[in-house]
Amino acid sequence: MAILDDLQLSRREVMATGAAAGVVSAPGLADAAPEHAAPSIMTVSFTVNGQRQTLELDTRTTLLDALREHLKLTGSKKGCDHGQCGACTVIVDGRRINSCLSLAVMHEGDEVTTIEGLGTPEKLHPLQAAFVKHDGYQCGYCTPGQICSAKAVLDEIKAGVPSHVTADLNARIQFSEDELRERMSGNICRCGAYSNIVEAVAEVAGKSA
Ligand code: FES
Ligand code: FES
């Protein structure tokens, strides 16, 4: 019993012993902690809304952050920052992309169009005018992305790019509400202005929704 008593350690001693053992059994643990590497900086040049821009950027900067934080083009919105809402949609070399999912330094030499490049308050793009006319928004947060996306959708249909709901791949693709809703399903509107958005885009497409 005396031996057992000798072996019994207080809780505090056990904790202290364990901690010491942990330190001993993990040599160099502190050394292994990742050091914060200096950011890697690169120069990138691209054209935004017709203007050549050259930026020195941390290579981790998304195109969305380059536009919003560095060029102060805040029309493109950050809704989710991981490709789920479409609020950040811009057009790059004629194709719409989620700018939050793309690194700015990947766009050397590209032509980027944001909502600011589509129209101005004095001279709205036909889609912008149609959104106003048809009340295609409520809070407006998703609207720049919706309009950039709609512009690219109309170009895609004109160019014969099929969608998941295109029935006949050999026939000329026609604008339809189904085509539009499918193609714009990546642009979420929390206010639920979808039916008015469809009416606005349909009017510009020369069709009725
Ligand atoms: S902010 Fe890019 S998809 Fe939501
Ligand atoms: S208008 Fe509010 S999220 Fe679309």
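Analyst: Along the sequence they come in the pattern α-α-α-β-β-α-β-β-β-α-α-α-α-α. Keep in mind that this is a predicted model, in which local features need pLDDT of at least 70 and side-chain atom pairs count only at pLDDT 80 or more, while totals for chains, interfaces and linings use all residues. As for bookkeeping, residues are numbered from 1 along each chain as its sequence is written, chains are lettered from A and ligands numbered from 1 in the order in which they are written, and side-chain values use heavy atoms, with hydrogens and water left out.

Of the 209 residues, 38% count as buried; that means under 20% relative accessible area, with exposed being over 50% and partly exposed in between (1.4 Å probe, protein chains only). Among contacts (heavy atoms within 4.5 Å) with a separation of 6 or more, 52% are between residues 24 or more positions apart.

Now the pockets. On a 1 Å grid over the protein atoms alone, a pocket is an open set of points where a 1.4 Å probe fits, with protein on both sides within 12 Å along at least five of seven lines, and lining residues have an atom within 4 Å of a point. Grid points are joined across faces, edges and corners, and a volume is the space filled by probe spheres set on the points.

The largest pocket comes out at about 310 Å³. It is lined by 14 residues, and the closest to its centre are L154, I157, K158, F175 and A205. Both α7 and α9 give two or more residues to that lining, and α7 gives the most, with five. By class, the lining splits into seven nonpolar, two polar and five charged residues. Here Ala, Val, Leu, Ile, Met, Phe, Trp, Tyr, Cys and Pro count as nonpolar, Asp, Glu, Lys and Arg as charged, and the others, Gly among them, as polar.

The second largest pocket has a volume of about 170 Å³. Its lining has 15 residues, with Y141, C142, I188, C189 and R190 the closest to its centre.

With a relative accessible area of 48%, D135 is partly exposed. D93, in the loop between β3 (89-92) and β4, also has a positive phi, near 50°.

One more loop to check: S102 sits between β4 (95-98) and β5 (111-113), and at 9% relative accessibility it counts as buried. Its side chain makes a polar contact with that of H107 at 2.6 Å. Such a contact is a pair of N or O atoms within 3.5 Å; within protein, one must be able to donate a hydrogen and the other to accept it, and residues adjacent in sequence count only if both atoms are side-chain atoms.

Technical notes
Helix = DSSP H or I, 4+ residues; strand = E, 2+ residues; numbered from the N terminus.
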